[in-house]
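Biologist: Could you walk me through helix packing and aromatic pairs, please?
Modeller: Gladly; here is the model.

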Amino acid sequence: MINDITLGQFFPVNSPIHKLDPRVKILSSLIYIVAVFFANGFSGYLFVAVFTYGVILMSKVPPKLYIKGLKPLVFIVVFTSAINLFMTEGQIAQIGSVPLKLGFLKITNEGIVMAVKMTARLIFLVAGTSVLTFTTSPIVLTDGIESLLSPFRKIGVPAHELAMMMSIAIRFIPTLLEETDKIMKAQASRGADFENGSIIKRIKALVPILVPLFISSFRRADELALAMECRCYRGGKGRTRLKSLKICHIDYAACAVMLMFVLGIAAINIFVGV
């Protein structure tokens with residue numbers, strides 16, 4: 001399960017998505033998230049699915065990596081679907097003449113629709129936003145976030161520091177997951193059991209993992225701070241970049257595609273609605 005988490009991983013290939021300006025990709029991801037929640041009906045979700053699949057193909061990142069990133073969300077998807085399935089009021093669903101009802105638990109037609117919608121939304125959100133991290137290196141992502149936050153410096157927002165913290169957090173997610181996997185394997189080789197027993201026993205079995213993981217995290221943080229000090233890092237004031245961010249023709253084309261995507265969802269909601 002640990003190895004299935006792909007958040008923060010960068011997959012370097014030569015694709016049109018990789019060449020986009022990070023600011024365009026960040027804003028496009030935000031627009032995509034909002035648009036997914038505005039999609040309504042089967043036609044809307046089908047349109048989002050086709051668009052998402054097209055973007056994944058254009059990124060040239062193997063689709064199996066996106067599927068791999070969905071595996072850790074199986075429990076959340078199942079739990080969310082079950083909540084919507086049994087808690088949504090409406091007409092009780094039937095298989096033939098048999099109503100789907102057991103005691104106080106009942107499955108309604110509206111619950112089935114809502115469960116399908118929530119499952120689709122979660123899949124779209126994870127797959128769509130994974131494109132950002134798969135196609136953008138942490139350094140470039142930092143520059144993009146800082147550039148987008150720079151107008152807020154006038155009101156005292158530390159744009160560079162916020163961007164640096166966010167990028168470091170994203171960058172070290174795969175490192176911490178790898179460290180956790182190594183610790184779990186080391187503890188398992190010493191006889192630790194993380195899969196059997198009661199919930200209390202499983203929680204207690206995590207203590208030998210959390211303690212060395214915290215120690216390793218603090219050590220890495222100290223090493224990172226020392227390395228930044230050795231390189232005379234003093235924040236973002238006065239710093240220059242080797243490559244400045246510039247909006248190119250491909251970025252304008254991406255903006256046009258996102259505009260068409262939003263207009264397409266709006267048109268489906270207004271004229272189709274199913």
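Biologist: At what angle do helix H4 and helix H5 pack, and how many Å apart are their axes?
Modeller: Two packed helices are described by the angle between their axes and the distance between the axes. Here H4 (residues 74–87) and H5 (residues 109–135) pack at about 155°, with axes 8 Å apart. Over 145 degrees counts as roughly antiparallel, so H4 and H5 are roughly antiparallel to each other. This is a predicted model, where local features need pLDDT of at least 70, side-chain atom pairs need 80 or more, and totals for chains, interfaces and linings use all residues. Residues are numbered from 1 along each chain as its sequence is written, and side-chain values use heavy atoms, without hydrogens and water.

Biologist: How many aromatic pairs does the structure hold?
Modeller: Rings of Phe, Tyr and Trp (its six-membered ring) pair if their centres lie within 6.5 Å; planes under 30 degrees apart count as stacked, over 60 as edge-to-face and the rest as tilted. The structure holds 8 such pairs. The rings of Phe47 and Phe261 have centres 5.7 Å apart and planes at 15°, so this pair is stacked. Phe47 in H2 and Phe261 in H10 are 214 residues apart.

Biologist: Is Phe261 buried or exposed?
Modeller: Buried means under 20% relative accessible area, exposed over 50%, partly exposed in between (1.4 Å probe, protein chains only). At 2%, Phe261 counts as buried, while Phe47, at 28%, is partly exposed.

Notes
Axes are lines fitted to C-alpha atoms, for helices over the stretch in contact, and angles run from 0 to 180 degrees between N-to-C directions. Helices (H or I, at least four residues) and strands (E, at least two) are DSSP runs, numbered from the N terminus. Angles under 35 degrees count as roughly parallel, over 145 as roughly antiparallel, 65 to 115 as roughly perpendicular and the rest as oblique.
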